[in-house]
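Colleague: I have a structure open and I am new to it. Could you show me how to read its features, one at a time?

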Amino acid sequence: MKQPGNTVSFFRRPDGALTGYRAQGHTGYAEAGEDIVCAAVSALTQTTLNGLQNVLKAPVMFEIDDEAALLEARLTPQATEAQVEAAQLLLETLLEGLRAIERSYPRNVRIIEERR
């Protein structure tokens with residue numbers, strides 16, 4: 001079986017709190033500009049980054065590299081516990097949305113959870 005082209009890794013602390021994510025790779029569902037799976041993953045991950053930064057005002061370090069098909073966002077160590085707690089709504093919602101995409105397109109998207 002072919003491995004998915006797009007992998008989204010979620011980062012969890014030992015206590016279970018999500019602290020960030022990394023989406024990397026092209027989904028390979030269709031040609032660039034017509035790939036609805038890629039568009040869905042991009043919309044969810046970018047919206048979550050915007051929510052963390054602009055709605056929660058949480059300290060976030062991020063990297064976006066269009067050539068490498070990479071978007072990574074993590075709460076910084078300066079995030080307060082209240083900010084980490086508030087971020088759970090956004091990050092868990094992102095995870096659930098991407099799991100739904102993964103169920104519909106298992107050859108194109110793979111979700112991984114990492115404990116750190």
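Colleague: Let us begin with strand pairing. How many bridges join S2 to strand S4?

Modeller: Two strands pair if DSSP finds at least two bridges between them. Here five bridges join S2 to S4 (residues 70-75), and the two run antiparallel. In that pairing, Gly20 has Arg74 in S4 as its bridge partner. The strand names come from DSSP runs: helices are H or I with at least four residues, strands are E with at least two, and numbering starts at the N terminus.

Colleague: How far can I trust the coordinates?

Modeller: This is a predicted model, where local features need pLDDT of at least 70 and side-chain atom pairs count only at pLDDT 80 or more, while totals for chains, interfaces and linings use all residues. Residues are numbered from 1 along each chain as its sequence is written, and side-chain values use heavy atoms, with hydrogens and water left out. pLDDT is the predictor's confidence in each residue, from 0 to 100. Where pLDDT is low, the predicted coordinates should not be read in detail. The protein averages 94, and 97% of the residues score at least 70.

Colleague: Where is confidence lowest, and where is it highest?

Modeller: Strand S5 (residues 109-115) is lowest, at a mean of 95. Helix H2 (residues 81-104) is highest, at 98.

Colleague: Back to S2. Which strand does S1 join by six bridges?

Modeller: S1 (residues 6-12) joins S2, and they run antiparallel. Arg12 stands opposite Leu18 in S2. Ser9 has Arg22 in S2 as its bridge partner. S1 and S2 form a hairpin with five residues between them. In that turn, Gly16 has a positive phi of about 100 degrees.

Colleague: What about S3 and S4?

Modeller: They also form a hairpin, with four residues between them. Ala69 in the turn has a positive phi of about 55 degrees. Six bridges pair S3 and S4 in the antiparallel sense. Glu63 stands opposite Glu72 in S4.

Colleague: What is the order of the five strands in the open sheet?

Modeller: The order is S3-S4-S2-S1-S5, with mixed pairing. S3 (60-65) and S5 are the edge strands, each pairing on one side only. The twist averages 10 degrees from one strand to the next. Angles run from 0 to 180 degrees between N-to-C directions, with axes fitted to C-alpha atoms, for helices over the stretch in contact. Helix H1 packs on the sheet, touching S1, S2, S3, S4 and S5. The direction of H1 makes about 150 degrees with that of S3. Contact means heavy atoms within 4.5 Å.

Colleague: Why is S2 largely enclosed by the rest of the structure?

Modeller: Start with the cut-offs: buried means under 20% relative accessible area, exposed over 50%, partly exposed in between (1.4 Å probe, protein chains only). Six of the seven residues of S2 (residues 18-24) are buried, so the strand is largely enclosed.

Colleague: How many salt bridges does a search of the whole structure find?

Modeller: A salt bridge is a side-chain nitrogen of Lys or Arg within 4 Å of a carboxyl oxygen of Asp or Glu. The search finds eight. In one of them, Glu92 meets Arg12 at 3.0 Å, N to O. That pair links distant parts of the chain: Glu92 is in H2 and Arg12 in S1, 80 residues apart. Glu92 is partly exposed at 28% relative accessibility, whereas Arg12 is buried at 10%.

Colleague: Which residue forms a salt bridge with Arg13?

Modeller: Glu81 does, with the closest N and O atoms 2.9 Å apart. Glu81 lies in H2 and Arg13 in the loop between S1 and S2, so the pair ties together parts that are 68 residues apart in sequence.

Colleague: And Arg22?

Modeller: The side chains of Arg22 and Glu72 meet in a salt bridge (3.3 Å, N to O). Arg22 lies in S2 and Glu72 in S4, so this pair ties together parts that are 50 residues apart in sequence. Glu72 is buried, at 16% relative accessibility. Salt bridges that share partners also join Arg12, Glu92, Glu96, Arg99 and Glu113 into one network.
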